[in-house]
Amino acid sequence: MSAPLLSWNGDRIVPDRAQPPREHADALRVLYLEDQLPDVELVRFELVRAGMCIRLRHVQTRAEYISSLREFQPAIVLSDHGLPAFDSISALKLLKEQDPN
């Protein structure tokens, strides 16, 4: 298995061999519900490579997702469609209950 392209820095993933991006007050808050770390790394890498200023929070469970909706207040939510114990349809329903807009 090859070395990861990205590494963890708190609740953020940053490209290896690079300085972590500076935190911007207007960074897009992205909540990502995903159980496969390589998928999280790939999405993060592509968003950064596209020049987006993001703050990504990765969660794997329903409990983490619900608490992150309240605490992190994401501007966008990405979700794996078929997690073992939680799916994207349920995640969308919970999101709409938290914020109908």
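Biologist: Which residue in β5 does Y32 stand opposite?

Modeller: Y32 stands opposite L78 in β5. Keep in mind that this is a predicted model.

Biologist: And what does Y32 stand opposite in β4?

Modeller: That is H58.

Biologist: What is the order of the strands in that sheet?

Modeller: The order is β4-β3-β5, in an open sheet of 3 strands with parallel pairing. β4 and β5 are at the edges with a single partner strand each, so one side of each has no neighbour in the sheet. On average, neighbouring strands are turned by 20 degrees against each other, direction ignored.

Biologist: How many bridges hold the pairs?

Modeller: β3 and β4 are joined by 6 bridges. β3 and β5 pair over 4 bridges. One more facing pair for you: L28 is opposite I54 in β4.

Biologist: How does the chain cross from β3 to β4?

Modeller: Through helix α1, residues 37-49. This β-α-β crossover is right-handed.

Biologist: OK, switching to α2. Which of its residues are buried?

Modeller: Helix α2 covers residues 62-71, and Y65, I66, S68 and L69 are buried there. Down the axis of α2 these fall within an arc of 165 degrees, so they line one face of the helix.

Biologist: Why would residues spaced like that point the same way?

Modeller: An α-helix has 3.6 residues a turn, so residues three or four places apart point the same way.

Biologist: What's on the face turned away from the buried side?

Modeller: The exposed residues A63, R70 and E71.

Biologist: And what covers the buried residues of α2?

Modeller: The cover includes β3 (28-33), β4 (54-59), β5 (76-79) and α3 (88-98). α2 lies across β3, β4 and β5, and runs at about 150 degrees to β4.

Biologist: What happens just after α2?

Modeller: Q73 takes a positive phi of about 50 degrees.

Biologist: S68 is a serine in helix α2. Why does it count as buried?

Modeller: Its relative accessibility is 3%. The cut-off for buried is under 20%, so S68 qualifies.

Biologist: What does S68 touch?

Modeller: Leaving out residues up to four places away in sequence, S68 touches L31, R57, V59, Q73 and P74.

Biologist: Tell me about V59, then. Where is it, and is it buried or exposed?

Modeller: V59 is in strand β4. V59 is buried, with a relative accessible area of 3%. Beyond its neighbours within four places, V59 is in contact with L31, Y32, L33, E34, E64, Y65 and S68. Its C-alpha atom is separated by 6.4 Å from that of E34, 25 residues apart along the chain.

Biologist: Which residues make up the largest nonpolar core?

Modeller: There are 11 residues: L31, L33, V59, Y65, I66, L69, F72, L83, F86, A91 and L94. α2 gives the most, with 3 residues.

Biologist: What does L94 touch?

Modeller: R62, Y65, I66, L69 and F86, not counting residues up to four places away in sequence.

Biologist: What do nonpolar side chains tend to do in general?

Modeller: In soluble globular proteins, they tend to be buried together.

Notes
Residues numbered from 1 in each chain as written. Predicted model: local features only at pLDDT ≥ 70, side-chain atom pairs only at ≥ 80, totals over all residues. Heavy atoms only, no water. Buried < 20%, exposed > 50% of the residue type's maximum accessible area, 1.4 Å probe, protein only. Helix = DSSP H or I, 4+ residues; strand = E, 2+ residues; numbered from the N terminus. Arc of directions from axis to C-beta. Contact = heavy atoms within 4.5 Å. Pairing = 2+ DSSP bridges. Axes fitted to C-alpha atoms, helices over the stretch in contact; angles between N-to-C directions. Core = buried A, V, L, I, M, F, W, Y, C linked by side-chain atoms within 4.5 Å. Right-handed = clockwise from strand over helix to strand, strands pointing away.
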